[in-house]
Amino acid sequence: MSQESNDTLQICTSYVLEQLRIHEEESNDAKVVPFFLGLNGVQGIGKSSLVSSIARNLEQAPHQIPTVVLSLDDFYLAYEDQVRLATEYPNNPLLQHRGQPSTHDLSLALSVHASLRAGQETSIPSYDKSAFSGKGDRKPQQQWAKVNKYGQKPVKVVILEGWCLGFRALSDAQLTASWMDAVRQCTQGLGYRGRLAHNRLEDVHFVNEALRGYDALTE
């Protein structure tokens, strides 16, 4: 690890420790719920590596704080469900592969979230992106790691990372205006380099509406 990366890790770890301290001091419950931390960022920026390193720091001496990392990627729809979604909307290119809001199993994500919050024994889903020639599939449940098992120290920190975590849907008016502006720039040769203009408004609207359901993960 470079010195710069190590400095970043130490800063992030110190931040989490301070927020955990505040969280526990402000809790009015006899049983303190875990501290939940969300992290977003564009794909490929190193979110997974960073949160894994933070978790490792927290769990090692001198802190020894039970920590679990959740990735939004691990809540992608199972292969059959993704195929079903793509088949149901064959003309929407945004739904033909995993990635966009609507291609995650939100019910599963929310149930895991609630279980961890309640301090219950929880199985942490895992997704295999290499399955089905790269189309991906959720790993069998018997391969999921379990936390908060009997005899284990309860999880105190939960870190959830995902590229669209914390994003909020636009209003219909905002979405339409953004789409029309993108189309204008694209058709008038104004150096447009985005992807919005290359999708139908109704297809983007579908994903925007699905994004509203993700609010529950961060509220």
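Visitor: Which residues of helix α3 (residues 79–88) are buried?

Guide: The model is predicted. A residue counts as buried under 20% relative accessible area. In α3, Gln82, Leu85 and Ala86 are buried. These residues lie on the same side of α3 because they cover an arc of only 95° around the axis.

Visitor: Which exposed residues does the face of α3 turned away from its buried side carry?

Guide: That face carries Glu80, Thr87 and Glu88.

Visitor: Which residues are buried in helix α7 (residues 201–211)?

Guide: The buried residues of α7 are Asp203, Val204, Val207, Asn208, Ala210 and Leu211. Their arc around the axis is only 160°, which puts them on the same side of α7. The cover over these buried residues includes α6 (172–187).

Visitor: Let us turn to the strands. How do strands of a sheet pair?

Guide: Strands of a sheet pair through backbone hydrogen bonds, in either a parallel or an antiparallel manner.

Visitor: How many bridges join β1 to β7 (residues 157–161)?

Guide: There are 5 bridges between β1 and β7, and the two strands run parallel. Phe36, for instance, has Val158 in β7 as its bridge partner.

Notes:
Residues numbered from 1 in each chain as written. Predicted model: local features only at pLDDT ≥ 70, side-chain atom pairs only at ≥ 80, totals over all residues. Heavy atoms only, no water. Buried < 20%, exposed > 50% of the residue type's maximum accessible area, 1.4 Å probe, protein only. Helix = DSSP H or I, 4+ residues; strand = E, 2+ residues; numbered from the N terminus. Arc of directions from axis to C-beta. Contact = heavy atoms within 4.5 Å. Pairing = 2+ DSSP bridges.
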